[in-house]
Amino acid sequence: SSFLVKVFCLTLLSRVGLVASTDVCYTVVTRDSFGDTRNGGILTITNTETYDTVAIFSGPEDGCWYDPSGTGDSCEKTETVCLPFGYYSAQQAGSSYNNEVSWFIRDDVGGQELASGSGTSLYYFNT
């Protein structure tokens, strides 16, 4: 509990410029509803101030559609990206089956969703 308060305070102070910026980590989930990989689709995160590509995610592996529980859940892959404070874009592109792919980025501390999309999508967000 006190750890979360410290993280929150450091995050708030960093955003208003009172302490040095640090990287904050986020959960990135990429999904494929059919389970046959993302068919060439990738999610790219770019710093919109420097135009540097900071992360590329290809998503779940082939064959994850097998669901022994019978719930019918789609395949997904969960990864982490740590970003300094700034402005970013997240772009999903390149899949030959855009109707099968989706993604979201969630703040690890508060659980807030920063960005999400499906098919060919482009979303801007700041950390």
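Strands β6 (residues 101-107) and β7 (residues 113-118) pair in the antiparallel sense over 5 bridges. Pairing here requires at least two DSSP bridges between the strands. Strands are DSSP E runs of at least two residues, helices are H or I runs of at least four, and both are numbered from the N terminus. The model is predicted: local features need pLDDT of at least 70, side-chain atom pairs count only at pLDDT 80 or more, and totals for chains, interfaces and linings use all residues. Residues are numbered from 1 along each chain as its sequence is written, and side-chain values use heavy atoms, with hydrogens and water left out.

The two strands form a hairpin with 5 residues between them. In the turn, G111 has a positive phi of about 80°. R106 has E113 of β7 as its bridge partner.

## The four-stranded sheet

β6 and β7 belong to an open sheet of 4 strands, ordered β4-β1-β6-β7 with antiparallel pairing. β4 (75-83) and β7 stand at the edges with a single partner strand each, so one side of each has no neighbour in the sheet. The twist averages 15° from one strand to the next. That angle is taken between N-to-C directions on a scale from 0 to 180 degrees, with axes as lines fitted to C-alpha atoms.

β1 (residues 24-32) runs antiparallel to β6, joined by 7 bridges. D32 finds its bridge partner in V101 of β6.

## The nonpolar core

The largest nonpolar core has 17 residues. Such a core is a set of buried Ala, Val, Leu, Ile, Met, Phe, Trp, Tyr and Cys residues joined through side-chain atoms within 4.5 Å. Buried means under 20% relative accessible area with a 1.4 Å probe, protein chains only. Y26, I45, F57, V81, A90, I105 and F125 have the most contacts inside the core. Two or more residues each come from β1, β2 (42-47), β3 (53-57), β4, β5 (87-93), β6 and β7. β1 gives the largest share, 3 residues.

I105 is in contact (heavy atoms within 4.5 Å) with residues including Y26, I45, A90 and F125, leaving aside neighbours within four places in sequence. L114 and A115 are also among its contacts.

## The whole chain

The chain has 1 helix and 8 strands. Along the sequence the pattern is α-β-β-β-β-β-β-β-β. Of the 127 residues, 36% are buried. Among contacts between residues at least 6 apart in sequence, 67% join residues at least 24 apart.

The chain exposes about 7400 Å², and carbon and sulfur atoms supply 53% of it. The area comes from the Shrake-Rupley method with a 1.4 Å probe.

Methods
Buried < 20%, exposed > 50% of the residue type's maximum accessible area, 1.4 Å probe, protein only.
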